[in-house]
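Please look over the structure shown here. A short report on its fold, helix packing and DNA surfaces follows.

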2 protein chains.
Amino acid sequence: MYTIGHVARATDCKVQTIRYYEQIGILPQAPRSEGNRRLYAQADIDRLAFIRHARELGFPLDSIRDLLSLSDNPDQPCDAADAIACRQLDQVNRRIERLNALKRELERMIKQCRGGKISDCRVIEVLSDHGQCLKDDHQMAEASP
Amino acid sequence: MYTIGHVARATDCKVQTIRYYEQIGILPQAPRSEGNRRLYAQADIDRLAFIRHARELGFPLDSIRDLLSLSDNPDQPCDAADAIACRQLDQVNRRIERLNALKRELERMIKQCRGGKISDCRVIEVLSDHGQCLKDDHQMAEASP
DNA sequence: ACTTGCTTCTACAGCTACTGTAGATGTTAT
DNA sequence: ATAACATCTACAGTAGCTGTAGAAGCAAGT
């Protein structure tokens, strides 16, 4: 069993954040020692590491709750899990695409920079790209019944 | 020139959020109409779209400010821009890697699900992966089974 | 046993990045 | 001209932490 401080160090997460996660129910209530200290097992560390990574990737706690429900209830009806997984996969794919666009632009800039000058930075254009993700204003003419 | 409502619709961003961004200086003070309404140009829409995408990807406003400074000051010393771009590129690469790990696991689950049962969901393991990103505590103890 | 020093405890205030609401005023369609 | 809606300012509230205060637990050295 690990102390909260150990868990915090292992996951690069603030002690208060761990207590906060327990409070909002995304981490289980930790059992306590004689002296009322929280005690954690490896599984708790894994769960917390998962939460932290997902948060850093920009997932809101509600999505993370969803994802965790997949591993918390491995016996739930398959189509429910499938729906959650598909929805999340969709999100993940979109994120990867946009990150790749940003990555390419940053690389282009760095390369150009080595050559001497930047002067034309297109980071904005790269992520503000109207074609692939925005309002349906201009693409709803496609599929009407 | 566009109204704030138009900009909000074009970028899928709340009107109040736009005013908030102006207030904290990440968007410029918009010029006003006769009747005191804010007026925006296409460049503002692009900038805002960029900010929104970056936020969705989990970048804090401070990082976004940094990125925007690249396009705001295209004539700044190259090494400063280079440092910012490299730092951000690094972040981006790490995010992409982790998202790919999550993607693979979600795909595995969905595939398995189509086959009938999930029962072994490893989303947590996938993102809590101690080998590639966490504290160096047990990096060396890894060799023992 | 005592003291020093660190960790953990609860409780609560403060922060970032929004989001919602109230009440007044501007703009547009009928 | 009047209704309906958009925008204005100002401020309160929310999510997701983060910091601080003050008390209590615990481990090491004397």
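## Contacts and fold of chain A

Take the contacts in chain A between residues at least 6 apart in sequence: 49% of them join residues at least 24 apart. The model is a predicted one.

Chain A has 7 helices and 0 strands. Along the sequence the pattern reads α-α-α-α-α-α-α. The chain holds 145 residues, and buried residues make up 30% of them.

A:Leu67 sits in helix 4 of chain A, which spans residues 61-72. Is A:Leu67 buried or exposed? It has 24 C-beta neighbours inside 10 Å, so A:Leu67 counts as buried. A:Leu67 and A:Ala85 are separated by 18 residues in sequence. In space, their C-alpha atoms are 7.4 Å apart.

A:Ala101 belongs to helix 5 of chain A, residues 78-115. A:Ala101 has 18 C-beta neighbours inside 10 Å and therefore counts as partly exposed. The cut-off for buried is 20 or more. A:Ala101 and A:Gln16 are 85 residues apart in sequence. From C-alpha to C-alpha, the distance between A:Ala101 and A:Gln16 is 36 Å.

## Helices 1 and 3 of chain A

Two packed helices are described by the angle between their axes and the distance between the axes. Helix 1 of chain A packs with helix 3 of chain A, residues 42-56, at an angle of about 45°. Their axes are 10 Å apart. Helix 1 and helix 3 of chain A are therefore oblique to each other. Their crossing is right-handed.

Which residues of chain A meet where helix 1 and helix 3 are in contact? Helix 1 of chain A brings A:Val7, A:Ala10 and A:Thr11. Helix 3 of chain A brings A:Asp44, A:Ile45, A:Leu48, A:Ala49 and A:Arg52. By class, this contact of helix 1 with helix 3 in chain A has 5 nonpolar, 1 polar and 2 charged residues.

## Helices 1 and 3 of chain B

Now the corresponding pair in chain B. Helix 1 of chain B covers residues 4-11, and helix 3 of chain B covers residues 42-56. They pack at an angle of about 45°, with axes 10 Å apart. Helix 1 and helix 3 of chain B are therefore oblique to each other. The crossing of these helices in chain B is right-handed.

From helix 1 of chain B come B:Val7, B:Ala10 and B:Thr11. They meet B:Asp44, B:Ile45, B:Leu48, B:Ala49 and B:Arg52 in helix 3 of chain B. The contact of helix 1 with helix 3 in chain B divides into 5 nonpolar, 1 polar and 2 charged residues.

## The surface near DNA strand C

How many residues surround DNA strand C? There are 22, and the closest are A:Thr3, A:Gly5, A:Arg38, B:Gly35 and B:Leu61. The surface near DNA strand C has 5 nonpolar, 9 polar and 8 charged residues.

## The surface near DNA strand D

DNA strand D is surrounded by 22 residues. The closest are A:Gly35, A:Leu61, B:Thr3, B:Gly5 and B:Arg38. Helix 2 and helix 4 of chain A give two or more residues each, as do helix 1 and helix 2 of chain B. By class, the surface near DNA strand D has 5 nonpolar, 9 polar and 8 charged residues.

Methods: Residues are numbered from 1 along each chain as its sequence is written. Chains are lettered from A and ligands numbered from 1 in the order in which they are written. This is a predicted model: local features need pLDDT of at least 70, side-chain atom pairs count only at pLDDT 80 or more; totals for chains, interfaces and linings use all residues. A residue is near a molecule or strand if its C-beta atom, placed from the backbone, lies within 6 Å of it. Ala, Val, Leu, Ile, Met, Phe, Trp, Tyr, Cys and Pro count as nonpolar, Asp, Glu, Lys and Arg as charged, and the others, Gly among them, as polar. Axes are lines fitted to C-alpha atoms, for helices over the stretch in contact, and angles run from 0 to 180 degrees between N-to-C directions. Helices (H or I, at least four residues) and strands (E, at least two) are DSSP runs, numbered from the N terminus. Angles under 35 degrees count as roughly parallel, over 145 as roughly antiparallel, 65 to 115 as roughly perpendicular and the rest as oblique. A crossing is left-handed if the near helix is turned anticlockwise from the far one by less than a right angle, and right-handed if clockwise. Two residues are in contact if their C-beta atoms, placed from the backbone, lie within 7 Å. A residue is buried if 20 or more other C-beta atoms lie within 10 Å of its own, exposed if 12 or fewer, and partly exposed in between; C-beta atoms are placed from the backbone.
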